[in-house]
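Please look through the sequence and the structure shown here, with attention to one helix and what surrounds it.

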Amino acid sequence: MQLQEEIIRLFPEHLRFKWKYAAGTGNELQEIRLRAQRPIMVYLRSGEWYLEESGRLTKDEEAARCLPKEELGQILKHICRYSLYAYEEEMSKGYISADGGFRVGIAGEVILNPDGSVKNVRYISSLNIRIAHEIKGAAAAVMPWLYEEGKLQNTLIISPPGCGKTTLLRDAIRLISDGNELARGRTVGLVDERSEIAGCFQGIPGNDVGRRTDVLDGCPKAEGMMMLLRSMAPEVVAVDELGSEADVHALEQVLKCGCSVMATIHGACWEEACRKRFLKPLFESRTFGRFLILEKRDGNFWVEQVRNGTGEILTGHLPC
């Protein structure tokens with residue numbers, strides 16, 4: 001019920017009746033795609049649906065409701081609390097962090113700074129509301145594989161988009177922070193660049209990431225890892241979606257300070273991750289003691305493989 005109410009609150013009050021049915025799908029709901037003057041599309045675990053004028057979901061494109069441009073603008077202003085200017089910096093990164101831990105991607109006409117960097121996005125024509133799902137216990141099955149003789153192994157989660165890596169990472173952080181049957185609770189420093197893991201709103205986590213977790217929200221990963229080392233003395237550092245040589249260099253500095261690392265990357269399989277050039281130093285030095293390879297099958301998410309630091313498969317097909 002709480003998730004349903006949080007989803008409905010994303011929309012202006014006079015439009016909420018149109019979203020009660022979609023919001024009621026709860027944990028099945030993955031994304032809501034809003035495009036000006038085009039059909040409204042809703043993505044559940046079961047696949048792609050259209051929104052009818054009545055608010056019901058349908059597979060029939062002919063019955064789909066097209067979103068008026070004015071209505072998209074109303075939804076955008078409501079999400080931004082009727083102050084687009086206050087969200088200008090976030091919008092320059094292509095998304096907005098909304099109350100409830102939701103991330104709203106945006107697309108439209110880009111305005112550039114003199115140096116070629118993005119200043120802002122105007123004439124916004126598309127919104128992608130990604131529904132944040134906090135699933136406590138998602139990491140329970142994999143936790144015994146993340147420890148060796150009581151010591152947390154540096155872990156890299158490899159996953160295609162939409163296979164639950166952020167959900168898995170979030171719950172693993174919670175269990176590491178609070179402590180579990182394998183080890184005491186440890187201080188965790190989380191760099192949440194896209195506000196997806198902790199779901200912070202005005203600096204306060206909306207999701208349970210553990211009582212010993214400190215969050216740097218909206219901070220680039222490389223800079224954030226260095227800031228945490230200087231200011232918070234974490235025992236474990238967690239980041240989502242490594243993607244550059246700068247990220248890898250910062251991670252290497254974290255390891256030199258004796259911290260453990262939990263990280264994720266996009267990748268379809270183990271072999272693809274091995275081919276990523278920017279990760280080569282980490283693979284050559286056997287930085288990671290555990291690799292979790294995720295897969296989506298029949299609408300469910302699985303840890304298809306758990307590998308050790310040399311790439312040997314330890315187990316597989318664990319639910320998450």
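The buried residues of α3 pack against β1 (29-35), β5 (95-98), β6 and β7 (118-130), where contact means heavy atoms within 4.5 Å, and where helices (H or I, at least four residues) and strands (E, at least two) are DSSP runs numbered from the N terminus. This is a predicted model, in which local features need pLDDT of at least 70, side-chain atom pairs count only at pLDDT 80 or more, and totals for chains, interfaces and linings use all residues. Residues are numbered from 1 along each chain as its sequence is written, and side-chain values use heavy atoms, with hydrogens and water left out.

Within α3 (residues 69-79), the buried residues are Glu71, Leu72, Ile75, Leu76, His78 and Ile79, buried being under 20% relative accessible area, exposed over 50% and partly exposed in between (1.4 Å probe, protein chains only). Because they cover an arc of only 165 degrees around the axis, they are on the same side of α3; the arc is that of the directions from the helix axis to the C-beta atoms. Exposed Lys69 and Glu70 sit on the face of α3 turned away from its buried side. After α3 comes Arg81, whose phi is positive, near 55 degrees.

The largest nonpolar core has 38 residues, of which Trp19, Leu34, Ile96 and Leu127 touch the most other members; such a core is a set of buried Ala, Val, Leu, Ile, Met, Phe, Trp, Tyr and Cys residues joined through side-chain atoms within 4.5 Å. Among the elements giving two or more residues to this core are α1 (2-8), α2 (20-23) and α3.
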